[in-house]
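Reader: I am new to this structure. Could you please take me through it, step by step?

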Amino acid sequence: MNTSTKWLVRLGPQEWSRYTYARPSGDPLHLIGSVKRGLQVGALGVTREKQYVQVVGDFVTPLNSSQLARAIAKEQARDPYGAQHLVRAAPAPVVTIKRRRVPIAA
């Protein structure tokens, strides 16, 4: 793999949900977004020991924490609110059912 390729980090639940499932509260892994470097793609998580990991399904791969810390800081500087401000609840659509007029044969 080309080591000059930089990590691309995107934060938010809509990012990590593509690669793995939600973890229950109290789980040692906290999911924060997605991470990509070349062909290496997956959810980005942090363990209790503050180690960054890449998660794809149930497979967890440790990542270089110093490189990821810089990539996360760069993403937060680009979008200080994270991707969370983009997710808004849409109002439910209004459905109107109209009765048909049926001609009565005389």
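Predicted model: local features only at pLDDT ≥ 70, side-chain atom pairs only at ≥ 80, totals over all residues.

Reader: How many helices and strands does the secondary structure of the chain come to?

Author: The chain has two helices and five strands. Along the sequence they follow the pattern β-α-β-β-β-β-α.

Reader: And what share of the chain do buried residues make up?

Author: Of the 106 residues in the chain, 30% are buried. The accessible surface comes to about 8,300 Å², and carbon and sulfur atoms account for 57% of that surface.

Reader: What share of the contacts joins residues 24 or more positions apart?

Author: Among contacts with a separation of 6 or more, 40% are between residues 24 or more positions apart.

Reader: Let us turn to α2. How many residues does it have, and what distance does it reach?

Author: Helix α2 has 14 residues and spans 20 Å from its first C-alpha to its last, close to the 20 Å expected at 1.5 Å a residue.

Reader: Which residues of α2 are buried?

Author: They are Leu68, Ala71, Ile72 and Glu75. Seen down the helix axis, these buried residues fall within an arc of 100°, so they line one face of α2.

Reader: What does the face turned away from the buried side carry?

Author: That face of α2 carries the exposed residues Arg70, Lys74 and Ala77.

Reader: And what do the buried residues of α2 pack against?

Author: They pack against four strands: β1, β2 (29-37), β3 (40-47) and β4 (52-56).

Reader: Which residues form the largest nonpolar core?

Author: The largest nonpolar core has eleven residues, namely Trp7, Val9, Leu11, Val35, Leu44, Val46, Tyr52, Leu63, Leu68, Ala71 and Ile72. The elements that contribute two or more residues to this core are β1, β3 and α2. The largest share, three residues, comes from α2. There is also a second, separate core of six residues, among them Trp16, Leu31, Ala43 and Val55.

Reader: Leu63 is in your list for the largest core. Where is Leu63 found?

Author: Leu63 lies in the loop between β5 (59-62) and α2.

Reader: Is Leu63 buried or exposed?

Author: Leu63 counts as buried, because its relative accessibility is 7% and the cut-off for buried is under 20%.

Reader: What does Leu63 touch, leaving its sequence neighbours aside?

Author: Not counting residues up to four places away in sequence, Leu63 touches Trp7, Val35, Gln40, Leu44, Gln51, Tyr52, Val53, Gln54 and Leu68. As for Val46, its C-alpha atom is separated from that of Leu63 by 9.9 Å, and the two residues are 17 residues apart along the chain.

Reader: Now a change of topic: how many salt bridges are there?

Author: The count comes to two salt bridges. In general, side chains of opposite charge can pair when their charged atoms come close.

Reader: Which residue does Arg10 meet in a salt bridge?

Author: The side chain of Arg10 meets that of Glu75, with an N to O distance of 2.8 Å. Arg10 lies in strand β1 (residues 8-11) and Glu75 in helix α2 (residues 65-78), so this pair ties together parts that are 65 residues apart in sequence. Arg10 counts as partly exposed at 29% relative accessibility, whereas Glu75 counts as buried at 8%.

Reader: And with which residue does Arg18 form a salt bridge?

Author: Arg18 forms a salt bridge with Glu15, and their closest N and O atoms are 3.6 Å apart. Arg18 is exposed at 55% relative accessibility, while Glu15 is buried at 13%.

Reader: Where is the place of Arg18 in the chain?

Author: Arg18 is in the loop between α1 (13-16) and β2. The C-alpha atoms of Arg18 and Val56 are 9.0 Å apart in space, and these two residues are 38 residues apart in sequence.

Reader: One last point: what is the phi of Lys50?

Author: Lys50 has a positive phi of about 65°, although Lys50 is not a glycine. Lys50 lies in the loop between β3 and β4 and is exposed, with a relative accessible area of 63%.

Methods. Residues numbered from 1 in each chain as written. Heavy atoms only, no water. Salt bridge = Lys/Arg side-chain N within 4 Å of Asp/Glu carboxyl O. Buried < 20%, exposed > 50% of the residue type's maximum accessible area, 1.4 Å probe, protein only. Expected span 1.5 Å × (residues − 1). Arc of directions from axis to C-beta. Contact = heavy atoms within 4.5 Å. Core = buried A, V, L, I, M, F, W, Y, C linked by side-chain atoms within 4.5 Å. Areas by Shrake-Rupley, 256 points an atom, 1.4 Å probe, with all protein chains shown as cover.
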